[in-house]
Amino acid sequence: MKIAAVRENAFAMPLNNPAYPRPPYKFYNREFVVINYRTDPEALRAVVPEPLEVIGDTVAYEFIRMPDSTGFGDYTETGQVIPVRFTTPSGKVQEGSYVHAMYLDDNSPIAGGREIWGFPKKLATPKLSHEQETLVGTLHYGSVLCVRATMGYKHRELPLEPLAKAMAKPAFVLKVIPHVDGSPRICELVRYYLEDVTLKGAWVGPAALQLFEHAMCDVARLPVREVKSASHYIADLTLGLGEVVFDYLQHDGSPAIERNYPCLDLMEE
């Protein structure tokens with residue numbers, strides 16, 4: 001294969017049979033169960049990277065069923081998302097969320113999510129099921145149970161407008177790609193949005209959440225102190241592509257990084 005052909009065809013690995021197709025990726029009837037809980041503020045600050053700032057002491061634990069997604073098929077995902085604040089180089093403050101951990105059961109979105117956006121995805125066995133009047137979510141890492149969540153099924157309908165506004169906020173991930181010598185080749189804070197969102201229904205109900213310690217699935221690093229709320233909703237959406245908002249390899253960690261990122265040529269929203 002000629003060099004020009006390599007350059008033209010290379011967008012993912014393996015070169016001649018990529019693990020996933022080119023974006024965009026659309027999701028139909030995507031089902032969310034999100035349990036918001038209080039945790040230790042010190043634990044949150046220990047896992048959220050600057051220049052993001054933690055907001056409060058809460059975590060959103062999510063189970064997501066994706067029965068119909070272009071390119072990725074039918075799979076289930078679960079993980080922890082943390083409310084954060086980001087200040088752009090011009091001083092604009094954005095509230096959004098930092099994706100801390102993700103576990104799923106399908107190789108294609110693991111590879112695509114890690115390589116394109118930098119999603120912190122690991123292979124595991126999450127499940128979300130309906131058992132009579134209860135929604136039940138579990139996460140096994142190998143044979144070990146790491147998460148058990150339950151929620152009452154559709155106890156009260158939730159207004160869609162506030163949820164739509166929440167889903168319109170940005171999300172952030174930390175993309176790390178190593179060099180061939182093991183040093184970081186890419187270390188970037190990436191921002192992305194959910195696009196073309198159509199909410200089909202949303203509900204709230206009582207919920208419970210248990211996290212169990214595991215060496216390789218450390219969801220219990222952010223322990224449950226109190227369950228605050230839970231929501232269950234269904235939506236069609238497109239996963240928007242990301243943009244780099246901070247390059248860690250271009251900064252020395254000085255205090256100025258919190259408000260000034262002169263080496264980045266960013267488009268302000």
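Visitor: Which residues does Tyr-25 touch, leaving aside those up to four places away in sequence?
Guide: Tyr-25 touches Tyr-20, Thr-70, Phe-72, Ile-116, Trp-117, Leu-237, Thr-238 and Leu-239; contact means heavy atoms within 4.5 Å. This is a predicted model, in which local features need pLDDT of at least 70, side-chain atom pairs count only at pLDDT 80 or more, and totals for chains, interfaces and linings use all residues. Residues are numbered from 1 along each chain as its sequence is written, and side-chain values use heavy atoms, with hydrogens and water left out.

Visitor: Is Tyr-25 buried or exposed?
Guide: Tyr-25 is buried, and its relative accessible area is 1%. Buried means under 20% relative accessible area, exposed over 50%, and partly exposed in between (1.4 Å probe, protein chains only).

Visitor: And what separates the C-alpha atoms of Tyr-25 and Gly-240?
Guide: Those of Tyr-25 and Gly-240 are separated by 8.0 Å, although the two are 215 residues apart along the chain.

Visitor: New topic: in the largest nonpolar core, which residues touch the most other members?
Guide: They are Tyr-61 and Val-147, in a core of 37 residues. A nonpolar core is a set of buried Ala, Val, Leu, Ile, Met, Phe, Trp, Tyr and Cys residues joined through side-chain atoms within 4.5 Å.

Visitor: Which strand gives the most to this core?
Guide: Strand E9 (residues 144-152) does, with four residues. Strands (E, at least two residues) are DSSP runs, numbered from the N terminus.

Visitor: How does E9 pair with E14?
Guide: E9 and E14 pair in the antiparallel sense over five bridges; two strands pair if DSSP finds at least two bridges between them. Arg-148 has Gln-210 in E14 as its bridge partner.
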